[in-house]
Amino acid sequence: MAEPRTVAVIGGGVIGVSCALMLAREGHRVTVIEEGRIGHGCSWGNGAQYNVGASFPMAYPGVMWRALRWLADANGPVRLAPRELPRTLPWLVRFLRTGRPGAWEAAYTALHALNAPCVKLYQEMLGDTEWKRVFRPNGALHVWRDGSLGALDGVMDNLRTRYGVAFERLDAEQVRELELGLSPDYRRGIFFPGSGSVSSPVGLVESLMQQAAALGVAVVTAGVKAIEPGPNGVTLQTSTGPHHCDTVVIAAGIGSRDLARSLGISLSLTSERGYHITMPGIAGAISRPVTDAASAFVATPLDEGLRVVGIAEFDAPNVPPDKRQCEKLLACARTMLRDKPVGEVSEWMGVRPSTPDSLPIIGPHPNHADILFATGHGHMGISGAPMTAALISDLVAGREPRVSCVPYRVR
Ligand SMILES: Cc1cc2nc3c(=O)[nH]c(=O)nc-3n(C[C@H](O)[C@H](O)[C@H](O)COP(=O)(O)OP(=O)(O)OC[C@H]3O[C@@H](n4cnc5c(N)ncnc54)[C@H](O)[C@@H]3O)c2cc1C
């Protein structure tokens, strides 16, 4: 057991709450400081999927041509707001650099180390009964309309095999056997039996928070305005007054960018907005997360209904959502699930805190060991949360981290 410390975690999303729970399990006195409601940031409306086999960085060899095609297509899944170009350009250059084969494989290795143990760690954090209530370990499926494999598919399969990721390539008939509700246009697929989804993303955060509260974790509703390191810990200036602690963990999603800036650090973090539509009437149309590979849109059955997520929109976090993006998701839902009347549809936009190499930022401020970052999980916050929390608990305890934190260092 580590020497108990007072720890403030800024941000009550899946990352912050996981950190709070893991730290409380080690005997620390933890407070979560959240300006809104627990679990109502990006973690509220995501696609609910954990997928160890698909832990590939978003940038891959040849990504530039695909990205350009997507950007040029008004109906495509990528949008770059012209006003964000100056802020996004340096990020995009780093993103394209990650697509070089060596860098891509190195990023995959680090992502795999982070995401692969997620099921085991969630079982420890939630306990067996709660894990079974929240998790649906039904596997995950990716599907294609074109029948032929590309060169990159072989490279990815080799990497998966090397890292022990279970997967099975499927033909059209096998896709149909797994998911009868899918359009018969899909001609091939890949199945990941070790993956799955949660029944509700906000439900996952609430469940983690419940476990944390049972261990004494407190929640303060306040916005953190400034972080002031001192000789004896750290003082947070919040909207409800100062809060003193030994250690602070910045897990504020995209809000971490401004907090870092106030500490003299420019994080390589962009606001990558994504959208969902949720259709309560057709919750049971499929039984596991299905990714339409051509658009990268994902359909997942949830307690709330069938949810389709996607879109990478590079725009400021606080700009109103663009209605056209949800129309693209709806058009995709109609082609994925042919003949299913979708009925009532609700819409949502959330901001992914995304790094160019898809690796989160987990580690101490270079000049202040008591200020730690846990952010930048981009498209994979559910898979990455438990190991992030484990690494943060190692760092707070002053132990050697269970996997090297070098790839996730502050950058
Ligand atoms: C459309 C979409 C689909 C996705 N699908 C998946 C998926 O299927 N699987 C997956 O693993 N991931 C998915 N993701 C990504 C996932 O949702 C994120 O990686 C994850 O939610 C990030 O969690 P977080 O805790 O870092 O951020 P958040 O959930 O945004 O939490 C940060 C919290 O910090 C608070 N905060 C910010 N600034 C301050 C401040 N100054 N003071 C106090 N509080 C503050 C915010 O209010 C917020 O509640 C998806 C994302 C989107 C947008």
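Arginine 411 lies in the segment after H12, where helices (H or I, at least four residues) and strands (E, at least two) are DSSP runs numbered from the N terminus. The model is a predicted one, in which local features need pLDDT of at least 70, side-chain atom pairs count only at pLDDT 80 or more, and totals for chains, interfaces and linings use all residues. Residues are numbered from 1 along each chain as its sequence is written. Arginine 411 is partly exposed, with 19 other C-beta atoms within 10 Å. On this scale a residue is buried if 20 or more other C-beta atoms lie within 10 Å of its own, exposed if 12 or fewer, and partly exposed in between, with C-beta atoms placed from the backbone. When residues up to four places away in sequence are left out, arginine 411 touches Ser268 and Ile361; two residues are in contact if their C-beta atoms, placed from the backbone, lie within 7 Å. The C-alpha atoms of arginine 411 and leucine 269 are separated by 9.1 Å, although the two residues are 142 residues apart along the chain.

The protein contains 12 helices and 21 strands. Its radius of gyration is 21 Å, close to the 22 Å that the globule rule gives for 411 residues, so the protein is as compact as a globular protein of that length. The radius is taken over C-alpha atoms, and the rule is 2.2 Å times the number of residues to the power 0.38. The C-alpha trace spans about 65 × 50 × 45 Å along its principal axes. Of the 411 residues, 49% are buried. Among contacts between residues at least 6 apart in sequence, 76% join residues at least 24 apart.

The chain is divided into domain 1 (6–43 + 203–267 + 358–408) and domain 2 (59–102 + 136–196 + 269–354), with bounds that come from an automatic or database domain assignment. The contact between them takes 12 residues from domain 1 and 10 residues from domain 2. On the side of domain 1 that touches domain 2, three residues are nonpolar, eight polar and one charged. In this classification Ala, Val, Leu, Ile, Met, Phe, Trp, Tyr, Cys and Pro count as nonpolar, Asp, Glu, Lys and Arg as charged, and the others, Gly among them, as polar. The C-alpha centres of the two domains lie 28 Å apart.

The ligand is surrounded by 41 residues, the closest being Gly13, Gly41, Gly253, Gly255 and Gly381; a residue is near a molecule if its C-beta atom, placed from the backbone, lies within 6 Å of it. Domain 1 and domain 2 each contribute at least three residues to this shell. At least two residues each come from helix H1 (14–25), strand S2 (29–34), strand S15 (270–279), strand S19 (346–354) and helix H12 (381–397). The shell has 15 nonpolar, 23 polar and three charged residues.

Alanine 48, with phi of about 70°, is found in the loop between S2 and strand S3 (49–50). With 26 C-beta neighbours inside 10 Å, alanine 48 counts as buried. Serine 358 has a phi of about 65° and is found in the loop between S19 and strand S20 (361–365). Serine 358 also counts as buried, with 25 C-beta neighbours inside 10 Å.
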